[in-house]
There are 2 protein chains.
Amino acid sequence: RRELNSEEMKLRTKYNISISAYDELRANIWKVQPYKNGRQWKFPGAFYFSLTVITTIGYGHSTPQTDSGKVFCMWYALVGIPLCLIMFQSVGERLNTFVTFLLKHTKKCLRLKNCEVSQTNLIMVATILSSFYLFTGAGVFTHFEDWSYLDAFYYCFITLTTIGFGDYVALQSNNALQDNPEYVTFSLIFILFGLTVISAAMNLLVLRFLTMNTEDEQRDELEAAA
Amino acid sequence: RRELNSEEMKLRTKYNISISAYDELRANIWKVQPYKNGRQWKFPGAFYFSLTVITTIGYGHSTPQTDSGKVFCMWYALVGIPLCLIMFQSVGERLNTFVTFLLKHTKKCLRLKNCEVSQTNLIMVATILSSFYLFTGAGVFTHFEDWSYLDAFYYCFITLTTIGFGDYVALQSNNALQDNPEYVTFSLIFILFGLTVISAAMNLLVLRFLTMNTEDEQRDELEAAA
Ligand SMILES: [K+]
Ligand SMILES: [K+]
């Protein structure tokens with residue numbers, strides 16, 4: 001029961017974080033909107049822009065032009081980026097737990113002798129999933145934009161690593177932001193879920209590195225004490 | 001002696017990482033150069049571009065135009081970004097240790113009763129240092145570029161959060177990449193050291209969050225066992 005309670009609290013914390021991040025997103029959208037009335041700053045466009053700020057992708061396809069816009073954008077980034085990072089990390093961690101659970105069950109079903117799921121297993125799964133995700137995404141973007149398959153793959157890669165050059169930006173051609181809500185939804189979810197997968201992979205790699213250091217130190221201390 | 005040895009090994013590992021990252025940077029620079037012979041792709045410009053890729057700033061002021069350039073850029077990012085992340089994290093960690101040491105000595109000199117350095121102390125120092133760093137950097141960039149102070153501050157902020165919109169990019173006006181090596185050196189070091197400070201701050205925040213979770217779990221386990 002105790003464990004369940006703690007799980008609930010964790011979930012609630014997570015939910016609260018999402019809610020506050022969303023509220024902030026909303027607030028931003030209405031504040032930034034007035035000074036430019038193009039299609040770029042209607043709700044979906046402003047949402048897209050906010051997303052590129054707090055995920056640190058920063059395509060630069062639309063940027064604040066006024067001084068007050070710049071100041072607000074900086075405050076927004078200051079609060080939004082850590083919130084976003086914590087959200088992605090906590091969801092990524094749960095994704096790892098879920099994949100570990102699935103792998104364990106699969107191994108049990110296959111009646112393998114060693115049912116333990118190692119870090120290397122998880123990293124392999126993350127690599128395969130990420131590649132699959134990139135190739136599928138590239139296919140969809142080739143369909144909706146006038147890009148070659150390589151360009152679409154390049155776009156997905158540059159976006160999900162949060163480099164975001166801005167030489168290829170989705171949702172900019174054919175009035176897509178206004179006329180194609182399904183494509184808009186797909187793009188935003190593609191970015192959000194993709195970043196979660198990357199966070200999960202990074203969580204594995206960084207945690208491995210951190211624990212390696214800590215284990216070294218513990219061993220050193222033990223040997224120094226002996 | 002054991003501790004010293006381990007410190008040396010750590011330093012060597014760090015050094016190796018830096019060396020391999022640098023070698024890779026070099027290799028990239030010579031590979032990317034041939035297809036465009038402007039000032040943008042001479043050594044400093046190519047170095048600057050590589051830096052924006054592996055730090056995930058990605059201004060997009062210059063991007064690969066050919067298919068092979070794009071493919072190489074993706075491979076480069078795939079290897080370079082984790083290397084860069086680990087390097088910044090490990091240097092940031094050492095920066096934290098160093099600041100803790102300094103704070104402890106200062107407190108001892110001031111003959112304060114409580115000489116312990118808390119996490120909150122460190123976070124406060126990180127905040128003050130970052131603000132100071134941003135304000136100073138903005139001053140220097142105002143001097144070298146034709147930007148207002150707010151624009152320069154906005155540039156520094158957007159760069160060091162690795163958003164990198166690319167609406168303001170240093171080293172692009174007045175032929176600075178070729179004619180002003182001191183300014184080029186300053187900009188590159190400003191970015192590298194700034195990102196280290198941010199990494200150190202993030203290290204504090206994220207580690208605090210991670211340990212919070214782990215402590216919760218340990219307490220839960222203990223209570224479940226009782
Ligand atoms: K970026
Ligand atoms: K960018």
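Predicted model: local features only at pLDDT ≥ 70, side-chain atom pairs only at ≥ 80, totals over all residues.
Trainee: How many salt bridges does the structure hold over all chains?

Mentor: There are two.

Trainee: Let's take B:Asp151 and A:Lys70; what makes this pair a salt bridge?

Mentor: The cut-off is a Lys or Arg side-chain nitrogen within 4 Å of an Asp or Glu carboxyl oxygen. Here the closest N and O atoms are 2.7 Å apart, so the pair qualifies.

Trainee: Why do you say that the pair joins two chains?

Mentor: Look at where each residue sits: B:Asp151 is in helix α5 (residues 149–160) of chain B, while A:Lys70 belongs to helix α3 of chain A, so the contact links two chains. Both B:Asp151 and A:Lys70 are buried, a word used for residues under 20% relative accessible area.

Trainee: And what makes B:Lys70 and A:Asp151 a salt bridge?

Mentor: Their N to O distance is 2.7 Å, and the limit is 4 Å, so they count too. B:Lys70 lies in helix α3 (residues 67–109) of chain B and A:Asp151 in helix α5 (residues 149–160) of chain A, so this pair also joins two chains. B:Lys70 and A:Asp151 are buried as well.

Trainee: Now for the surface: which residues form the nonpolar patch?

Mentor: A:Val71, A:Trp75, A:Leu78 and A:Val79 do, with about 380 Å² of accessible area together. A:Val79 is part of helix α3 (residues 67–109) of chain A.

Trainee: Why is A:Val79 called partly exposed?

Mentor: Its relative accessibility is 42%.

Note on methods. Residues numbered from 1 in each chain as written. Chains lettered and ligands numbered in written order. Heavy atoms only, no water. Patch = residues over 30% accessible without salt bridge, like charges linked within 9 Å, V, L, I, M, F, W, Y side chains within 5 Å. Areas by Shrake-Rupley, 256 points an atom, 1.4 Å probe, with all protein chains shown as cover. Helix = DSSP H or I, 4+ residues; strand = E, 2+ residues; numbered from the N terminus. Buried < 20%, exposed > 50% of the residue type's maximum accessible area, 1.4 Å probe, protein only.
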